[in-house]
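Subject: Structure handover

Hi,

Here is the structure for you to look through. My notes follow below it.

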Amino acid sequence: MTIVAVHGIGNHLAGRSPERAAAELAAQWQPKLHQGFATAAPDGHQLPEVHVAYYAHHTHVAERQAVAADLSSVDEQEQSLIIAWALALGSPSLEERQGLITAPLRQILSWVSRRRKIPIATIIRIAVQLAGEVHRYLHVPQVRAAARSAVAESIRRARPQVVLAHSLGSVVAYEALHAHPELTVDCLVTLGSPLGLPSGIFDHLVPAPIADRGARPAGVRYWVNLADTGDLIAIPHRLGDRFPVDQHADTSIGRIDFHTFGAYLASPLTAVAISPFVRSSNIPDQIA
């Protein structure tokens, strides 16, 4: 069985060709997925081979690599994405929302930090990284086209039964599969996905949502969404309110590792989600 793993933010490997970077990430993530199978899947399953769809050389923001998160590097357009994310993350009351919308960015993030009981440095780091890569993907047309093409080509070459798409990768994979309806997969699994983030991502998707609903890509037979209950990027957790997701499940990865692709791959719930597609092409009744 072959799967294609579509990475999220923060996975640019400097100094490597895209092919080498994809191979290095696959070598890093293959054992993680097997760890989940060892815990959850029945004996005798063929362990899936991981291929990575690598697009980070298109979306990374070079000047923000390997430096401390700094809100001064965030431009005005990126601030709007951060504010949308912060408000969705904090779920403010109407009165709080009215006050926060006009507040300085650091004040908004400090409010999220207090509300979520997460260090402000962590909130700022995630905000800066999220704003850079997500904004670049959504609002620089040539970057968007190149990233989607890279993911589509990886799926075309590998012909996987399953696509595991993490974080921003779920957005790229969703759009790439829509753009190439000839690409078929038995199961799309979105992990820690921000696809439904109002204002920041959902309203900018291609194809555009209709009547506040996104559409299933034509070549996807079955769609599973998994979200860590503490994931700060998977906002909102349940994509089924806005997308035709067949199954959703919450998992608990941990307070430190809440959004890493490796942690999602090592989760037994991921193995349970894709194991029916290892055995056969039958659609499962449920995620146990």
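Where is Pro207 found? Pro207 sits in the loop between β4 (185-191) and β5. A cis peptide bond joins Val206 to Pro207, with omega about 5°.

Some ground rules. This is a predicted model, in which local features need pLDDT of at least 70 and side-chain atom pairs count only at pLDDT 80 or more, while totals for chains, interfaces and linings use all residues. Residues are numbered from 1 along each chain as its sequence is written, and side-chain values use heavy atoms, with hydrogens and water left out.

The overall picture

The protein chain has ten helices and six strands. These are DSSP runs, numbered from the N terminus: helices are H or I with at least four residues, strands are E with at least two. Of the 288 residues, 56% count as buried. Buried means under 20% relative accessible area, exposed means over 50%, and partly exposed is in between (1.4 Å probe, protein chains only). Take the contacts with a separation of 6 or more: residues 24 or more positions apart account for 75% of them. Contact means heavy atoms within 4.5 Å.

Loops

Ile235 and Pro236 are also joined by a cis peptide bond, with omega near -5°. Pro236 lies in the loop between β5 and β6.

Next, positive phi. Ser167 is not a glycine, yet its phi is near 60°. Ser167 is in the loop between β3 (162-166) and α8. Its relative accessibility is 1%, so Ser167 counts as buried. Asp212 has phi near 65°, again positive in a residue other than glycine. Asp212 is in the loop between β4 and β5. With a relative accessible area of 44%, Asp212 is partly exposed.

Helix packing

Two packed helices are described by the angle between their axes and the distance between the axes. Axes are lines fitted to C-alpha atoms, for helices over the stretch in contact, and angles run from 0 to 180 degrees between N-to-C directions.

Start with α3 (residues 76-90) and α6 (residues 120-139). They pack at about 125°, with axes 9 Å apart. Therefore α3 and α6 are oblique to each other. The cut-offs: under 35 degrees is roughly parallel, over 145 roughly antiparallel, 65 to 115 roughly perpendicular, and the rest oblique. The contact includes Leu81 and Trp85 of α3 and Ile126 and Leu130 of α6. By class, this contact has nine nonpolar, three polar and one charged residues. Ala, Val, Leu, Ile, Met, Phe, Trp, Tyr, Cys and Pro count as nonpolar; Asp, Glu, Lys and Arg as charged; the others, Gly among them, as polar.

Now α3 with α5 (residues 105-116). Their axes come within 10 Å and cross at roughly 25°. That makes α3 roughly parallel to α5. Among the contact residues are Ile82 and Leu89 of α3 and Ile108 and Val112 of α5. This contact has ten nonpolar, two polar and two charged residues.

Aromatic rings

How many aromatic pairs does a search of the whole structure find? It finds six. Rings of Phe, Tyr and Trp (its six-membered ring) pair if their centres lie within 6.5 Å; planes under 30 degrees apart are stacked, over 60 edge-to-face, and the rest tilted. For Tyr174 and Phe243, the ring centres are 5.5 Å apart and the planes are at 85°, so the pair is edge-to-face. Tyr174 is in α8 (residues 168-179) and Phe243 is in the loop between β5 (220-228) and β6 (247-251), 69 residues apart. Both Tyr174 and Phe243 are buried. Tyr174, Phe202, Trp223 and Phe243 form one aromatic cluster.

Best wishes
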